[in-house]
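Subject: Handover of a structure

Dear colleague,

Please find below the structure that I am handing over to you.

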Amino acid sequence: MADVNTAVKRKAPKRIAQAIINSLKGGVVPRIGLPYIAVGRKREIEALLHDVEIIGDGGASFRFIVGKYGSGKSFLLQTIRNYVMDRNFIVADADLSPERRLQGTKGQGLATYRELIQNLSTKTRPEGGALTLVLDRWISSVQNTVLAEGNFSADSPDFQKEVERRIHQVVNDVSELVHGFDFARLLSLYHNASVNGDDETKGKVVKWFRGEYPTKTEAKSELGVNVIISDDDWYEYLKLFAFFFRQAGYEGMLIFFDELVNIYKIPNSITRQYNYEKLLTMYNDTLQGKAKYLGIIMCGTPQCVEDTRRGIYSYEALRSRLAEGKFSREGARDMLAPVIRLEPLTPEEMTVLSEKLADLHSELYGYERHISEADIVDFVKIEFARIGADTNITPREVIRDFIELMDIIYQNDSLDIKSLLNSDEFSYAKSEAVSDDSSDDYATFTL
(Lines give C-alpha, C1' and ligand atoms only; values in the text may rest on other atoms or scores of the structure.)
Protein backbone atom coordinates (compact mmCIF):
# COMPACT_ATOMS: atom_id res chain seq x y z
CA MET A 1 0.00 0.00 0.00
CA ALA A 2 1.33 3.44 -0.96
CA ASP A 3 2.36 5.80 1.82
CA VAL A 4 0.92 9.31 1.49
CA ASN A 5 2.94 10.40 4.50
CA THR A 6 6.36 10.10 2.89
CA ALA A 7 8.48 13.18 3.42
CA VAL A 8 9.26 15.21 0.33
CA LYS A 9 12.95 16.06 0.15
CA ARG A 10 12.94 18.51 -2.78
CA LYS A 11 12.33 22.21 -2.35
CA ALA A 12 8.78 23.48 -2.62
CA PRO A 13 8.04 26.07 -5.34
CA LYS A 14 7.54 29.52 -3.82
CA ARG A 15 3.85 29.67 -4.75
CA ILE A 16 3.25 26.40 -2.85
CA ALA A 17 5.39 27.48 0.11
CA GLN A 18 3.45 30.76 0.23
CA ALA A 19 0.10 28.93 0.20
CA ILE A 20 1.23 26.57 2.97
CA ILE A 21 2.62 29.26 5.27
CA ASN A 22 -0.27 31.68 4.76
CA SER A 23 -2.93 28.98 5.23
CA LEU A 24 -1.40 27.56 8.39
CA LYS A 25 -0.81 31.00 9.88
CA GLY A 26 -4.49 31.76 9.24
CA GLY A 27 -5.59 28.54 10.91
CA VAL A 28 -6.82 26.76 7.77
CA VAL A 29 -5.61 23.76 5.82
CA PRO A 30 -3.75 24.45 2.56
CA ARG A 31 -5.31 22.87 -0.53
CA ILE A 32 -1.91 22.28 -2.12
CA GLY A 33 1.53 21.19 -0.96
CA LEU A 34 0.49 18.84 1.84
CA PRO A 35 3.22 16.26 1.11
CA TYR A 36 5.77 18.89 2.08
CA ILE A 37 4.45 19.05 5.65
CA ALA A 38 2.76 15.67 6.21
CA VAL A 39 3.76 14.24 9.60
CA GLY A 40 2.26 11.43 11.68
CA ARG A 41 -1.25 9.96 11.30
CA LYS A 42 0.28 6.85 9.74
CA ARG A 43 -2.25 4.43 11.25
CA GLU A 44 -5.22 6.65 10.43
CA ILE A 45 -4.07 7.10 6.83
CA GLU A 46 -3.49 3.37 6.39
CA ALA A 47 -7.02 2.65 7.64
CA LEU A 48 -8.55 5.15 5.21
CA LEU A 49 -6.45 3.87 2.30
CA HIS A 50 -7.76 0.38 3.04
CA ASP A 51 -11.25 1.84 2.57
CA VAL A 52 -10.14 3.34 -0.75
CA GLU A 53 -9.11 -0.09 -1.98
CA ILE A 54 -12.52 -1.51 -1.05
CA ILE A 55 -14.28 1.34 -2.87
CA GLY A 56 -12.22 0.71 -5.99
CA ASP A 57 -13.22 -2.96 -5.87
CA GLY A 58 -16.92 -2.05 -5.94
CA GLY A 59 -17.61 -1.72 -2.23
CA ALA A 60 -18.51 1.24 -0.05
CA SER A 61 -17.30 2.72 3.23
CA PHE A 62 -18.40 5.18 5.90
CA ARG A 63 -16.08 6.74 8.48
CA PHE A 64 -16.28 9.36 11.17
CA ILE A 65 -13.10 11.27 12.04
CA VAL A 66 -13.41 12.67 15.54
CA GLY A 67 -11.08 15.16 17.16
CA LYS A 68 -10.95 18.50 18.94
CA TYR A 69 -10.76 21.77 17.05
CA GLY A 70 -7.29 22.11 15.61
CA SER A 71 -6.41 18.44 16.11
CA GLY A 72 -5.90 17.72 12.41
CA LYS A 73 -9.27 16.49 11.10
CA SER A 74 -9.39 18.74 8.06
CA PHE A 75 -5.70 18.17 7.40
CA LEU A 76 -6.29 14.42 7.31
CA LEU A 77 -9.29 14.92 5.01
CA GLN A 78 -7.29 17.05 2.60
CA THR A 79 -4.42 14.55 2.58
CA ILE A 80 -6.76 11.71 1.62
CA ARG A 81 -8.57 13.96 -0.88
CA ASN A 82 -5.35 14.73 -2.76
CA TYR A 83 -4.22 11.11 -2.64
CA VAL A 84 -7.40 9.65 -4.15
CA MET A 85 -7.67 12.31 -6.86
CA ASP A 86 -4.17 11.32 -8.00
CA ARG A 87 -5.50 7.77 -8.34
CA ASN A 88 -8.42 8.69 -10.60
CA PHE A 89 -11.15 8.98 -7.97
CA ILE A 90 -13.73 11.74 -8.06
CA VAL A 91 -14.17 13.66 -4.81
CA ALA A 92 -16.83 16.03 -3.50
CA ASP A 93 -16.75 17.97 -0.24
CA ALA A 94 -19.09 20.21 1.72
CA ASP A 95 -19.02 21.97 5.07
CA LEU A 96 -22.30 21.50 6.92
CA SER A 97 -23.87 24.73 8.17
CA PRO A 98 -27.27 26.09 9.26
CA GLU A 99 -28.13 26.36 5.54
CA ARG A 100 -26.63 22.96 4.59
CA ARG A 101 -27.78 19.89 6.51
CA LEU A 102 -28.60 16.28 5.71
CA GLN A 103 -32.32 16.94 6.06
CA GLY A 104 -34.43 20.06 6.48
CA THR A 105 -37.81 21.66 5.95
CA LYS A 106 -36.41 24.52 3.85
CA GLY A 107 -34.28 22.67 1.34
CA GLN A 108 -31.15 22.37 3.51
CA GLY A 109 -30.55 18.80 2.34
CA LEU A 110 -30.77 19.82 -1.31
CA ALA A 111 -28.43 22.74 -0.56
CA THR A 112 -25.86 20.22 0.69
CA TYR A 113 -26.27 18.19 -2.51
CA ARG A 114 -25.78 21.32 -4.64
CA GLU A 115 -22.64 22.19 -2.70
CA LEU A 116 -21.24 18.70 -3.26
CA ILE A 117 -21.93 18.79 -7.01
CA GLN A 118 -20.48 22.28 -7.26
CA ASN A 119 -17.31 21.03 -5.51
CA LEU A 120 -17.04 17.87 -7.62
CA SER A 121 -13.31 17.54 -8.33
CA THR A 122 -10.93 15.40 -10.35
CA LYS A 123 -7.16 15.36 -10.73
CA THR A 124 -7.40 17.69 -13.74
CA ARG A 125 -10.02 19.92 -12.09
CA PRO A 126 -9.07 19.86 -8.37
CA GLU A 127 -10.76 23.17 -7.58
CA GLY A 128 -14.27 21.81 -8.29
CA GLY A 129 -16.83 22.30 -11.03
CA ALA A 130 -15.85 19.07 -12.78
CA LEU A 131 -19.32 17.70 -13.65
CA THR A 132 -19.41 18.90 -17.27
CA LEU A 133 -15.78 17.85 -17.73
CA VAL A 134 -16.60 14.33 -16.51
CA LEU A 135 -19.63 14.00 -18.82
CA ASP A 136 -17.67 15.21 -21.86
CA ARG A 137 -14.70 13.02 -20.98
CA TRP A 138 -16.99 9.99 -20.77
CA ILE A 139 -18.35 10.53 -24.29
CA SER A 140 -14.89 11.31 -25.65
CA SER A 141 -13.34 8.22 -24.03
CA VAL A 142 -15.98 5.95 -25.60
CA GLN A 143 -15.26 7.48 -29.01
CA ASN A 144 -11.50 7.12 -28.57
CA THR A 145 -11.85 3.51 -27.43
CA VAL A 146 -13.87 2.60 -30.52
CA LEU A 147 -11.34 4.33 -32.79
CA ALA A 148 -8.39 2.67 -31.02
CA GLU A 149 -9.81 -0.78 -31.68
CA GLY A 150 -9.37 -0.10 -35.40
CA ASN A 151 -12.63 -1.62 -36.59
CA PHE A 152 -14.17 1.69 -37.66
CA SER A 153 -12.93 4.99 -39.06
CA ALA A 154 -14.21 8.26 -37.65
CA ASP A 155 -16.21 9.02 -40.79
CA SER A 156 -17.73 5.55 -41.04
CA PRO A 157 -21.53 5.40 -40.51
CA ASP A 158 -21.00 2.37 -38.28
CA PHE A 159 -18.62 4.31 -35.99
CA GLN A 160 -21.38 6.43 -34.45
CA LYS A 161 -23.62 3.37 -34.13
CA GLU A 162 -20.94 1.54 -32.14
CA VAL A 163 -20.38 4.57 -29.93
CA GLU A 164 -24.11 4.84 -29.28
CA ARG A 165 -24.30 1.13 -28.48
CA ARG A 166 -21.64 1.48 -25.80
CA ILE A 167 -23.17 4.66 -24.44
CA HIS A 168 -26.52 2.87 -24.18
CA GLN A 169 -24.84 -0.06 -22.43
CA VAL A 170 -23.71 2.27 -19.62
CA VAL A 171 -27.09 3.99 -19.60
CA ASN A 172 -28.90 0.67 -19.28
CA ASP A 173 -26.70 -0.38 -16.37
CA VAL A 174 -27.52 2.88 -14.56
CA SER A 175 -31.25 2.64 -15.32
CA GLU A 176 -31.53 -0.60 -13.31
CA LEU A 177 -30.70 1.21 -10.06
CA VAL A 178 -33.14 3.04 -7.77
CA HIS A 179 -34.08 6.38 -9.42
CA GLY A 180 -31.89 5.27 -12.30
CA PHE A 181 -34.42 5.40 -15.15
CA ASP A 182 -34.70 9.19 -15.39
CA PHE A 183 -31.02 9.62 -14.52
CA ALA A 184 -30.13 7.32 -17.44
CA ARG A 185 -32.52 9.12 -19.76
CA LEU A 186 -30.74 12.40 -19.00
CA LEU A 187 -27.38 10.80 -19.75
CA SER A 188 -28.74 9.81 -23.16
CA LEU A 189 -30.05 13.34 -23.69
CA TYR A 190 -26.62 14.75 -22.89
CA HIS A 191 -24.93 12.38 -25.31
CA ASN A 192 -27.35 13.16 -28.13
CA ALA A 193 -26.98 16.90 -27.50
CA SER A 194 -23.21 16.53 -27.56
CA VAL A 195 -23.30 14.72 -30.90
CA ASN A 196 -25.63 17.35 -32.37
CA GLY A 197 -23.77 20.33 -30.92
CA ASP A 198 -26.82 21.34 -28.89
CA ASP A 199 -25.21 23.28 -26.04
CA GLU A 200 -28.56 24.54 -24.78
CA THR A 201 -29.85 21.03 -24.05
CA LYS A 202 -26.51 20.07 -22.51
CA GLY A 203 -26.81 23.05 -20.18
CA LYS A 204 -30.35 22.04 -19.16
CA VAL A 205 -29.23 18.48 -18.39
CA VAL A 206 -26.36 19.78 -16.25
CA LYS A 207 -28.82 22.11 -14.49
CA TRP A 208 -30.96 19.07 -13.63
CA PHE A 209 -27.95 17.10 -12.37
CA ARG A 210 -27.04 20.05 -10.15
CA GLY A 211 -30.46 19.97 -8.53
CA GLU A 212 -31.37 23.44 -9.77
CA TYR A 213 -34.84 22.78 -11.22
CA PRO A 214 -37.36 24.22 -8.73
CA THR A 215 -40.43 22.30 -9.99
CA LYS A 216 -41.25 19.07 -11.77
CA THR A 217 -43.36 21.05 -14.25
CA GLU A 218 -40.35 23.01 -15.43
CA ALA A 219 -38.21 19.87 -15.73
CA LYS A 220 -40.99 18.14 -17.68
CA SER A 221 -41.35 21.09 -20.02
CA GLU A 222 -37.64 21.46 -20.78
CA LEU A 223 -36.32 17.89 -20.56
CA GLY A 224 -39.32 15.55 -20.61
CA VAL A 225 -38.59 14.02 -17.20
CA ASN A 226 -41.17 13.85 -14.43
CA VAL A 227 -38.83 14.06 -11.44
CA ILE A 228 -36.39 16.50 -9.89
CA ILE A 229 -33.76 16.02 -7.23
CA SER A 230 -35.31 16.97 -3.89
CA ASP A 231 -34.51 17.34 -0.22
CA ASP A 232 -35.73 13.80 0.43
CA ASP A 233 -33.86 11.82 -2.24
CA TRP A 234 -30.63 13.74 -2.97
CA TYR A 235 -28.47 11.03 -1.39
CA GLU A 236 -29.91 8.42 -3.80
CA TYR A 237 -28.58 10.46 -6.71
CA LEU A 238 -25.12 10.59 -5.16
CA LYS A 239 -25.16 6.79 -5.22
CA LEU A 240 -26.16 6.92 -8.89
CA PHE A 241 -23.32 9.32 -9.64
CA ALA A 242 -20.80 7.05 -7.90
CA PHE A 243 -21.92 4.08 -10.00
CA PHE A 244 -21.95 6.15 -13.22
CA PHE A 245 -18.50 7.59 -12.57
CA ARG A 246 -17.13 4.08 -12.41
CA GLN A 247 -18.72 3.26 -15.77
CA ALA A 248 -17.27 6.52 -17.12
CA GLY A 249 -13.71 5.35 -16.37
CA TYR A 250 -13.05 6.59 -12.83
CA GLU A 251 -12.20 4.42 -9.84
CA GLY A 252 -15.05 5.61 -7.64
CA MET A 253 -16.27 8.58 -5.60
CA LEU A 254 -15.40 9.88 -2.14
CA ILE A 255 -17.58 12.41 -0.30
CA PHE A 256 -16.23 14.50 2.57
CA PHE A 257 -18.46 16.27 5.10
CA ASP A 258 -16.82 18.66 7.55
CA GLU A 259 -18.31 20.64 10.46
CA LEU A 260 -20.65 17.88 11.60
CA VAL A 261 -21.00 20.02 14.73
CA ASN A 262 -23.59 22.10 12.87
CA ILE A 263 -26.08 19.25 13.17
CA TYR A 264 -25.32 19.03 16.89
CA LYS A 265 -26.05 22.76 17.15
CA ILE A 266 -29.55 22.51 15.60
CA PRO A 267 -31.80 23.89 18.39
CA ASN A 268 -34.92 21.88 17.50
CA SER A 269 -34.66 18.30 18.79
CA ILE A 270 -37.04 16.87 16.17
CA THR A 271 -35.04 18.44 13.33
CA ARG A 272 -31.84 17.03 14.82
CA GLN A 273 -33.39 13.57 14.97
CA TYR A 274 -34.44 13.79 11.31
CA ASN A 275 -30.85 14.59 10.40
CA TYR A 276 -29.53 11.69 12.45
CA GLU A 277 -32.11 9.45 10.78
CA LYS A 278 -30.76 10.50 7.37
CA LEU A 279 -27.25 9.86 8.64
CA LEU A 280 -28.28 6.37 9.73
CA THR A 281 -29.70 5.66 6.27
CA MET A 282 -26.42 6.66 4.62
CA TYR A 283 -24.41 4.66 7.13
CA ASN A 284 -26.51 1.52 6.69
CA ASP A 285 -26.45 1.79 2.89
CA THR A 286 -22.68 1.77 2.70
CA LEU A 287 -22.14 -1.00 5.24
CA GLN A 288 -24.90 -3.24 3.86
CA GLY A 289 -23.65 -3.09 0.27
CA LYS A 290 -26.52 -1.00 -1.11
CA ALA A 291 -24.01 1.52 -2.48
CA LYS A 292 -21.13 0.81 -4.85
CA TYR A 293 -17.89 2.66 -5.53
CA LEU A 294 -18.77 5.18 -2.82
CA GLY A 295 -16.97 6.35 0.29
CA ILE A 296 -18.23 8.85 2.87
CA ILE A 297 -16.11 10.53 5.55
CA MET A 298 -17.58 12.89 8.17
CA CYS A 299 -15.63 15.05 10.60
CA GLY A 300 -16.77 16.26 14.01
CA THR A 301 -15.70 17.02 17.56
CA PRO A 302 -15.98 14.45 20.38
CA GLN A 303 -18.85 16.39 21.88
CA CYS A 304 -20.99 16.46 18.71
CA VAL A 305 -20.60 12.69 18.43
CA GLU A 306 -20.64 11.46 22.03
CA ASP A 307 -23.09 13.86 23.74
CA THR A 308 -26.08 11.65 24.64
CA ARG A 309 -28.39 14.65 24.89
CA ARG A 310 -27.82 16.37 21.53
CA GLY A 311 -25.01 14.54 19.74
CA ILE A 312 -25.05 11.56 17.41
CA TYR A 313 -25.19 9.29 20.47
CA SER A 314 -28.57 10.80 21.35
CA TYR A 315 -29.94 8.71 18.48
CA GLU A 316 -29.84 5.21 19.92
CA ALA A 317 -29.62 3.40 16.57
CA LEU A 318 -26.41 5.30 15.80
CA ARG A 319 -24.98 5.11 19.31
CA SER A 320 -25.28 1.32 19.36
CA ARG A 321 -23.43 1.13 16.05
CA LEU A 322 -20.68 3.66 16.71
CA ALA A 323 -19.82 3.46 20.42
CA GLU A 324 -16.35 2.19 21.26
CA GLY A 325 -15.98 -1.35 22.51
CA LYS A 326 -14.57 -2.42 25.84
CA PHE A 327 -10.98 -2.95 24.69
CA SER A 328 -10.23 0.28 22.80
CA ARG A 329 -8.18 2.87 24.68
CA GLU A 330 -5.76 5.73 24.07
CA GLY A 331 -2.71 4.35 22.30
CA ALA A 332 -4.56 1.22 21.19
CA ARG A 333 -7.51 2.41 19.11
CA ASP A 334 -9.34 0.15 16.68
CA MET A 335 -8.66 1.84 13.31
CA LEU A 336 -11.03 -0.56 11.56
CA ALA A 337 -13.99 0.72 13.59
CA PRO A 338 -16.42 3.23 11.99
CA VAL A 339 -15.10 6.05 14.21
CA ILE A 340 -11.46 7.13 14.02
CA ARG A 341 -10.54 9.19 17.07
CA LEU A 342 -7.54 11.41 16.47
CA GLU A 343 -4.98 11.35 19.22
CA PRO A 344 -2.64 14.34 19.73
CA LEU A 345 0.56 14.49 17.70
CA THR A 346 3.54 13.53 19.83
CA PRO A 347 6.29 16.04 20.69
CA GLU A 348 8.57 14.14 18.32
CA GLU A 349 6.09 14.51 15.45
CA MET A 350 5.62 18.21 16.20
CA THR A 351 9.39 18.63 16.13
CA VAL A 352 9.59 17.07 12.66
CA LEU A 353 6.71 19.26 11.46
CA SER A 354 8.40 22.39 12.84
CA GLU A 355 11.60 21.44 10.99
CA LYS A 356 9.67 21.20 7.74
CA LEU A 357 8.02 24.57 8.33
CA ALA A 358 11.36 26.19 9.15
CA ASP A 359 12.79 24.96 5.84
CA LEU A 360 9.73 26.16 3.92
CA HIS A 361 9.86 29.59 5.55
CA SER A 362 13.53 30.11 4.71
CA GLU A 363 12.97 28.92 1.13
CA LEU A 364 9.97 31.22 0.71
CA TYR A 365 11.73 34.39 1.90
CA GLY A 366 15.18 33.48 0.58
CA TYR A 367 17.31 33.54 3.71
CA GLU A 368 19.61 31.12 5.45
CA ARG A 369 17.68 29.37 8.19
CA HIS A 370 18.38 30.99 11.56
CA ILE A 371 16.56 28.60 13.86
CA SER A 372 18.56 25.50 14.78
CA GLU A 373 17.36 21.98 15.55
CA ALA A 374 18.11 22.63 19.24
CA ASP A 375 15.97 25.78 19.13
CA ILE A 376 13.10 23.81 17.60
CA VAL A 377 13.38 21.14 20.28
CA ASP A 378 13.29 23.87 22.96
CA PHE A 379 10.24 25.45 21.31
CA VAL A 380 8.32 22.17 21.29
CA LYS A 381 9.33 21.38 24.87
CA ILE A 382 7.98 24.72 26.05
CA GLU A 383 4.72 24.29 24.12
CA PHE A 384 4.13 20.84 25.60
CA ALA A 385 5.09 22.00 29.10
CA ARG A 386 2.16 24.42 29.29
CA ILE A 387 -0.50 23.75 31.92
CA GLY A 388 -3.03 21.33 30.46
CA ALA A 389 -1.03 20.75 27.27
CA ASP A 390 -1.11 16.98 27.72
CA THR A 391 -4.84 16.96 26.97
CA ASN A 392 -5.63 20.30 25.32
CA ILE A 393 -2.77 21.31 23.04
CA THR A 394 -3.48 21.03 19.31
CA PRO A 395 -1.27 21.15 16.20
CA ARG A 396 -2.99 24.36 15.08
CA GLU A 397 -1.86 26.27 18.17
CA VAL A 398 1.73 25.02 17.95
CA ILE A 399 1.97 25.71 14.22
CA ARG A 400 0.66 29.26 14.51
CA ASP A 401 3.06 30.03 17.37
CA PHE A 402 5.97 28.63 15.38
CA ILE A 403 5.18 30.54 12.18
CA GLU A 404 4.79 33.74 14.20
CA LEU A 405 8.19 33.07 15.80
CA MET A 406 9.84 32.60 12.39
CA ASP A 407 8.15 35.73 10.98
CA ILE A 408 9.40 37.87 13.88
CA ILE A 409 12.96 36.50 13.68
CA TYR A 410 13.01 37.05 9.90
CA GLN A 411 11.89 40.66 10.24
CA ASN A 412 14.09 41.48 13.24
CA ASP A 413 17.69 40.32 12.84
CA SER A 414 18.65 41.82 16.18
CA LEU A 415 16.31 39.57 18.15
CA ASP A 416 17.72 36.47 19.80
CA ILE A 417 15.73 33.25 19.36
CA LYS A 418 16.62 31.86 22.77
CA SER A 419 15.55 35.03 24.56
CA LEU A 420 12.19 34.89 22.81
CA LEU A 421 11.70 31.25 23.71
CA ASN A 422 12.59 31.86 27.34
CA SER A 423 10.48 35.00 27.73
CA ASP A 424 7.59 34.93 30.17
CA GLU A 425 5.23 36.04 27.40
CA PHE A 426 5.87 32.83 25.49
CA SER A 427 6.41 30.38 28.33
CA TYR A 428 3.18 31.18 30.10
CA ALA A 429 0.94 32.68 27.44
CA LYS A 430 -2.28 30.80 26.83
CA SER A 431 -1.60 28.27 29.57
CA GLU A 432 -4.99 29.11 31.02
CA ALA A 433 -6.58 30.06 27.70
CA VAL A 434 -6.87 26.60 26.19
CA SER A 435 -10.58 25.77 25.93
CA ASP A 436 -12.20 22.37 26.00
CA ASP A 437 -15.02 20.95 23.90
CA SER A 438 -17.67 21.99 26.41
CA SER A 439 -17.46 25.58 25.15
CA ASP A 440 -20.24 26.88 22.92
CA ASP A 441 -17.78 29.25 21.22
CA TYR A 442 -17.19 27.11 18.15
CA ALA A 443 -14.27 27.84 15.88
CA THR A 444 -14.86 28.46 12.19
CA PHE A 445 -11.98 26.41 10.83
CA THR A 446 -10.60 23.00 11.65
CA LEU A 447 -7.02 22.12 10.84
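The protein has 20 helices and 5 strands. Both are DSSP runs numbered from the N terminus, where helices are H or I with at least four residues and strands are E with at least two. The model is predicted, and for this reason local features need pLDDT of at least 70 and side-chain atom pairs count only at pLDDT 80 or more, while totals for chains, interfaces and linings use all residues. Residues are numbered from 1 along each chain as its sequence is written, and side-chain values use heavy atoms, with hydrogens and water left out.

Of the 447 residues in the protein, 52% are buried. Here, buried means under 20% relative accessible area, exposed means over 50%, and partly exposed lies in between (1.4 Å probe, protein chains only). Among contacts between residues at least 6 apart in sequence, 72% join residues at least 24 apart.

Salt bridges

A salt bridge is a side-chain nitrogen of Lys or Arg within 4 Å of a carboxyl oxygen of Asp or Glu. By this rule, the protein has 20 salt bridges.

One of them joins Lys42 and Glu46, with 2.6 Å from N to O. Both residues belong to helix α2 (residues 42-56), and because they are 4 residues apart there, about one helical turn separates them. Lys42 is partly exposed, because its relative accessibility is 48%. Glu46 is also partly exposed, at 38%.

Another salt bridge is formed by Lys204 and Glu200, whose closest N and O atoms are 3.5 Å apart. These two residues lie 4 apart in helix α8 (residues 199-209), so they too are separated by about one helical turn. Lys204 is partly exposed at 22% relative accessibility, whereas Glu200 is exposed at 55%.

Which residue forms a salt bridge with Glu306? The partner is Arg341, and the closest N and O atoms are 3.1 Å apart. This pair links distant parts of the chain, since Glu306 is in helix α13 (residues 302-306) and Arg341 is in strand β5 (residues 339-341), 35 residues away. Glu306 is partly exposed at 33% relative accessibility, but Arg341 counts as buried at 11%.

A pair of helices

Helix α6 (residues 157-175) and helix α10 (residues 234-247) have axes that come within 10 Å and cross at roughly 155 degrees. Axes are lines fitted to C-alpha atoms, for helices over the stretch in contact, and angles run from 0 to 180 degrees between N-to-C directions. The crossing therefore makes α6 roughly antiparallel to α10; angles under 35 degrees count as roughly parallel, over 145 as roughly antiparallel, 65 to 115 as roughly perpendicular and the rest as oblique.

On the side of α6, the contact is made by Val170, Asp173 and Val174, and on the side of α10 by Leu240, Phe243, Phe244 and Gln247. These residues comprise 5 nonpolar, 1 polar and 1 charged (Ala, Val, Leu, Ile, Met, Phe, Trp, Tyr, Cys and Pro count as nonpolar, Asp, Glu, Lys and Arg as charged, and the others, Gly among them, as polar).

A single residue

Ser362 is located in helix α15 (residues 347-365). Ser362 is buried, with 8% relative accessible area. Leaving aside residues up to four places away in sequence, Ser362 touches Tyr367 and Arg369.

Yours sincerely

Terms used: Contact = heavy atoms within 4.5 Å.
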